[in-house]
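Here is a friendly briefing to read alongside the structure.

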Amino acid sequence: MKKKRKSNRVYRLRRLAVFLVPLGCAFWFWPQESVPTTQLKAEQASISEEIYTIEERTQIEQDGVIRYEYDIVVHGNPSTDEFQSVSHDVIDDVKQSDQFQAALLRFYDDAAYIGTEPPLGEAVFAPEGDYGLADWVEPGQTDDMMFGWQLREKEWTTKLTDTEIQIWRSWQDQYTKQNPDDPDAKAKVTRIIATEYELDPKVVQQIVLKQHVWAAL
């Protein structure tokens, strides 16, 4: 009994399958094109910008010694370990362009606090981690420098809201205009800000106190 001869269409399908299977495997195991280095660097820079921003950079030259101070706003709710990581990142970046003998990094959770006690603490990059020993090295001699830490582990639930920061900043700006010898200066400023924001003076007092506690602890 003769077997029926398969149609030409069946044979064509088999030959196509034999060709496509190896081709598919080749594509599967084919080395993927690597991401260009410039693109990776751009992505890393973008990530860094999301974590922190350097708001101000100040050069201080005294008695032939060059120091730099950086005011840094850190975003999110980082731990002190993350502050240290940011410190290394900042120094690795700025030492490519700035020749210094010591660097001070001040950390803030909002740019409104710059010029006051940094709520998140400070880091010093200098000989022995001591800002006062800057003259032990030459400018740019970073291999002989190390970090010294004065960072604060924050309770982020006590952080001021954006509105509270705005009210505190207004209060602070008004207070700097007052006569420092006036014993009623704080109460006077509190009344001014309470009127401006249509708040009870006690609410303004609580916001100012909240900021003092936030900055100190």
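**Overall layout**

Starting at the N terminus, the elements of the protein follow the order α-α-β-β-α-β-β-β-α-α-α. This gives six helices and five strands, where helices (H or I, at least four residues) and strands (E, at least two) are DSSP runs numbered from the N terminus. The model is predicted, so local features need pLDDT of at least 70 and side-chain atom pairs count only at pLDDT 80 or more, while totals for chains, interfaces and linings use all residues. Residues are numbered from 1 along each chain as its sequence is written, and side-chain values use heavy atoms, with hydrogens and water left out.

**The protein as a whole**

- Of the 217 residues, 34% count as buried, meaning under 20% relative accessible area, with exposed over 50% and partly exposed in between (1.4 Å probe, protein chains only).
- Among contacts with a separation of 6 or more, 59% come from residues 24 or more positions apart; contact here means heavy atoms within 4.5 Å.

**Helix 4**

- Helix 4 covers residues 162-176, which is 15 residues. From its first C-alpha to its last it reaches 21 Å, close to the 21 Å expected at 1.5 Å a residue (the expected span is 1.5 Å times one less than the number of residues).
- The buried residues of helix 4 are E164, I165, I167, W168, S170, W171 and Q172.
- Helix 5 and helix 6 are included in what covers those buried residues of helix 4.

**Helix 4 against helix 5**

- Helix 4 packs with helix 5 at an angle of about 135 degrees, and their axes are 9 Å apart. Axes are lines fitted to C-alpha atoms, for helices over the stretch in contact, and angles run from 0 to 180 degrees between N-to-C directions.
- The two helices, helix 4 and helix 5, are therefore oblique to each other. For reference, angles under 35 degrees count as roughly parallel, over 145 as roughly antiparallel, 65 to 115 as roughly perpendicular and the rest as oblique.
- Helix 4 passes helix 5 in a right-handed crossing; a crossing is right-handed if the near helix is turned clockwise from the far one by less than a right angle, and left-handed if anticlockwise.
- On the helix 4 side the contact is made by Q166, I167, S170, W171, Q174 and Y175, and on the helix 5 side by A185, K186, V189, T190, I192, I193 and Y197.
- By class, the residues of this contact between helix 4 and helix 5 are eight nonpolar, four polar and one charged (Ala, Val, Leu, Ile, Met, Phe, Trp, Tyr, Cys and Pro count as nonpolar, Asp, Glu, Lys and Arg as charged, and the others, Gly among them, as polar).

**Helix 5 against helix 6**

- Helix 5 (residues 185-197) and helix 6 (residues 201-216) have axes that come within 8 Å and cross at roughly 110 degrees.
- That makes helix 5 roughly perpendicular to helix 6.
- The crossing of helix 5 past helix 6 is right-handed.
- T190, I193 and A194 of helix 5 meet P201, V204 and Q205 of helix 6.
- This contact of helix 5 with helix 6 has four nonpolar, two polar and no charged residues.

**Two residues to look up**

- T142 lies in the loop between strand 4 (121-126) and strand 5 (146-151). T142 counts as buried because its relative accessibility is 15%.
- Not counting residues up to four places away in sequence, T142 touches K95, F100 and F125.
- E122 is in strand 4, and its C-alpha is separated by 5.5 Å from that of L105, 17 residues apart along the chain.
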